[in-house]
Amino acid sequence: MEYSINQIENHYDDIKAIKYVIMPDHVHIVISIMHDYEKADDGRMISAPTIPKVIGSMKRYVSKNSGIKLWQKSYFDHIIRSENEFSDICNYIENNPINWANNKFNLNKWR
């Protein structure tokens, strides 16, 4: 899974996984999308990859290479709108493994 997260920027221009953590039963990823929107010659907007496309691609790749279905159908996404929010979310991601040790869903007391 880590390989597929790190490959996002190699498959999509202007998209990068900035911060992530892989937990026993979930993943947190902060993805940056910095598109320069251009118009096609006929005036139509050139389509850019979306979060659903990027996440769907990553899920398919991981499932195909692991040989098992790992993913639930949906996921939670959120637009980060400020530097403070970005900092808070990155801190949350960084501390998630430490907090997991005391989580009620951590039945095996994974650390």
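Is Tyr-61 buried, partly exposed or exposed? Tyr-61 comes out as partly exposed, because its relative accessible area is 39% (buried means under 20%, exposed over 50% and partly exposed in between, using a 1.4 Å probe and protein chains only). Before we go on, a word about the model: it is predicted, so local features need pLDDT of at least 70 and side-chain atom pairs count only at pLDDT 80 or more, while totals for chains, interfaces and linings use all residues. Residues are numbered from 1 along each chain as its sequence is written, and side-chain values use heavy atoms, with hydrogens and water left out.

**The overall layout**

The protein chain has four helices and two strands, and along the sequence they come in the pattern α-α-β-β-α-α. Helices (H or I, at least four residues) and strands (E, at least two) are DSSP runs, numbered from the N terminus. Of the 111 residues in the chain, 25% are buried.

The strands β1 and β2 run antiparallel and are joined by seven bridges (two strands pair if DSSP finds at least two bridges between them). Together they make a hairpin, with four residues between them. Lys-19 stands opposite Val-30 in β2.

**Two helices side by side**

Helix α3 covers residues 51-66, and Ser-63 is part of it. Buried residues in α3 are Val-54, Ile-55, Gly-56, Met-58, Lys-59, Val-62 and Ser-63. They pack against α1, α2 (8-11), β1 and β2. Ser-63 counts as buried because its relative accessible area is 17%. Leaving out residues up to four places away in sequence, Ser-63 touches Ile-68, Lys-69, Leu-70 and Trp-71 (contact means heavy atoms within 4.5 Å). Just after α3, Gly-67 takes a positive phi of about 80°.

Helix α4 has a kink of about 40° at Glu-94, shortly before the proline Pro-97. That bend is the angle between axes fitted to the seven residues ending there and the seven starting there. Cys-90, Ile-93, Asn-96 and Trp-100 are buried in α4, and their cover includes β1 (15-22) and β2 (27-33).

**What sits inside**

The largest nonpolar core has 10 residues, among them Ile-5, Tyr-12, Ile-31 and Val-62. Such a core is a set of buried Ala, Val, Leu, Ile, Met, Phe, Trp, Tyr and Cys residues joined through side-chain atoms within 4.5 Å. Helix α3 gives the largest share of this core, four residues. Ile-8 also belongs to this core; apart from neighbours within four places in sequence, Ile-8 is in contact with Ile-15, Ala-17, Val-54 and Met-58. A second, separate core of five residues includes Met-23, Val-30, Ile-93 and Trp-100.

**Back to Tyr-61**

The structure holds one aromatic pair. Its members are Tyr-3 and Tyr-61, which sit tilted, 6.2 Å centre to centre with 35° between the planes. Rings of Phe, Tyr and Trp (its six-membered ring) pair if their centres lie within 6.5 Å; planes under 30 degrees apart count as stacked, over 60 as edge-to-face and the rest as tilted. Tyr-3 belongs to α1 (residues 2-6) and Tyr-61 to α3, so the pair ties together parts that are 58 residues apart in sequence.
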